[in-house]
Amino acid sequence: MNITRIALAAAVALAAPLAAQAQQAKLKVGLMLPATGTFAALGTAIENGFRLYVDEQGGKLAGREIEFVRVDDESDPSKATDNVNKLIKRDNVDVIVGTVHSGVALAMARAVRESGTPLIVPNAGADAITGPLCAANIVRSSFSNWQPGFASGVMAAQKGYKRAVTIYWNYAAGQESAKGFTEAFEKGGGKVIKELTLPFPNVEFQALLTEIAAQKPDVVFAFFAGAGAAKFVKDYDAAGLRRSTPLIGSGFLTDGVLEAQGASAQGLQTALHYADGLNTPRDNKFRAAYAVRYKLQPDVYAVQGYDAAQILAAGLNAVKGDVKNRDAMLTAMRKASIDSPRGKYTLAAAGNPVQDFYIREAKGRDNAMTGIAVKVLPDPARGCNLR
Ligand code: PHB
């Protein structure tokens, strides 16, 4: 054996165990979610759903164990760029899953457009993420803010309401939900006569409720979520408005908070891409597994977390776990057909689910499905050039 062949043999002997090690290296998933503040429970549900799907695959995706790197983003946009850059630059994660708050997610989208890190958004609806900021490395397992707002507007117009007041937290999610609502409601013959807002995450609703009583609209459309939604629905009832003025909303108003809202929420009608009582084999299986594992009923946030893991798995399976093969992985994520508890869906070119919107009515502890507001609703993806 000459020197070259000896060197080669040594190199091969060294490389083989290295390759085996690389195969087993854990996949680093950055989980950027709120663990504190008004959206804390939403972050927990998303993480629960994500972990449930991974566990159902035997604790691995495409043969790779997962190492989670968690960041509490506090739903604070002013800390978002620093938080996401920690995951990208310090922790060097393979993929990022996050977050709930649109303002935080916008900063995340900008950061991953620079770094190329794959980002799966498991809630935040900011329209720009699948609009002007759309990118090959960004997909959503949730919705655009326009979608549930639009579906709620269709529902309100169908019920024959003519004069509406909208009320919401004054940031991307509230503004864009109200815009979607107004678009569909006015197309259906209604008119939004007043918009009332307060800064996120304030819950001092009293003056605005007094204004609603003075306006005497046929219907009120609200965007609030999490702990803030729990308080709004109770305050609306306590102000005596529940009897005089129907309150509707995108389903975030009552999802995951019905127990806290108690009698105040009973009968509320909302529109969302998930509902209780879908009673499909897929959803029943998911709900049973979630209840066993967490001693809780799942909500829309849990479903979106579960589906974020499904989308990631579709990408990883296509490249046999090799995240370095990034383009092929991203293409497979976007082309995935997701067998979701909410119903099957695909992603549009911009990366947003094309999905059905259910009408739900709060009955006991359930947001019970009572009909369909809009079937197969794509986001218009205005401003996205990825077609
Ligand atoms: C958002 O900020 O995009 C957001 C937050 C909570 C929700 C829905 C949307 O329930």
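Me: Which atom of the ligand does a polar side-chain atom of tyrosine 171 lie 2.6 Å from?
Reply: In this predicted model, a polar atom in the side chain of tyrosine 171 lies 2.6 Å from an oxygen atom of the ligand.

Me: And how much of the ligand does the protein bury?
Reply: The ligand taken alone exposes 280 Å², and the protein buries 100% of that area.

Me: Which residues come nearest to the ligand?
Reply: There are 16 residues around the ligand, and of these Ser102, Gly125, Tyr171, Ala225 and Tyr301 come nearest.

Me: OK, what about serine 102 and glycine 125, where do they lie relative to the ligand's oxygen atoms?
Reply: For serine 102, an N or O atom of the side chain is 2.6 Å from an oxygen atom of the ligand, whereas for glycine 125 a backbone N or O atom lies 3.0 Å from a ligand oxygen atom.

Me: What classes of residue make up the shell around the ligand?
Reply: The shell has 11 nonpolar residues and five polar ones, with no charged residues.

Me: Which domains does that shell draw from?
Reply: Domain 1, which covers 23-143 + 277-347, and domain 2, which covers 146-272, each give at least three residues to the shell around the ligand.

Me: And which cavity does the ligand take up?
Reply: The space that the ligand takes is the largest cavity.

Me: Switching topic, how many disulfides does the structure hold?
Reply: The structure holds one disulfide, and it is formed by cysteine 134 and cysteine 384, whose sulfur atoms are 2.2 Å apart.

Me: Is that link right-handed or left-handed?
Reply: The link of cysteine 134 and cysteine 384 is right-handed, with 90° about the S-S bond.

Technical notes: Residues are numbered from 1 along each chain as its sequence is written. This is a predicted model: local features need pLDDT of at least 70, side-chain atom pairs count only at pLDDT 80 or more; totals for chains, interfaces and linings use all residues. Side-chain values use heavy atoms; hydrogens and water are left out. A residue is near a molecule or strand if one of its heavy atoms lies within 4 Å of it. A polar contact is a pair of N or O atoms within 3.5 Å; within protein, one must be able to donate a hydrogen and the other to accept it, and residues adjacent in sequence count only if both atoms are side-chain atoms. Accessible areas come from the Shrake-Rupley method with a 1.4 Å probe; for residues, only the protein chains shown count as cover. On a 1 Å grid over the protein atoms alone, a cavity is a set of points where a 1.4 Å probe fits but cannot get out, and a pocket is an open set with protein on both sides within 12 Å along at least five of seven lines; lining residues have an atom within 4 Å of a point. A molecule sits in a cavity or pocket if more than half of its atoms lie within 2 Å of its grid points. Ala, Val, Leu, Ile, Met, Phe, Trp, Tyr, Cys and Pro count as nonpolar, Asp, Glu, Lys and Arg as charged, and the others, Gly among them, as polar. Domain bounds come from an automatic or database domain assignment. A disulfide is a pair of cysteine sulfur atoms within 2.5 Å.
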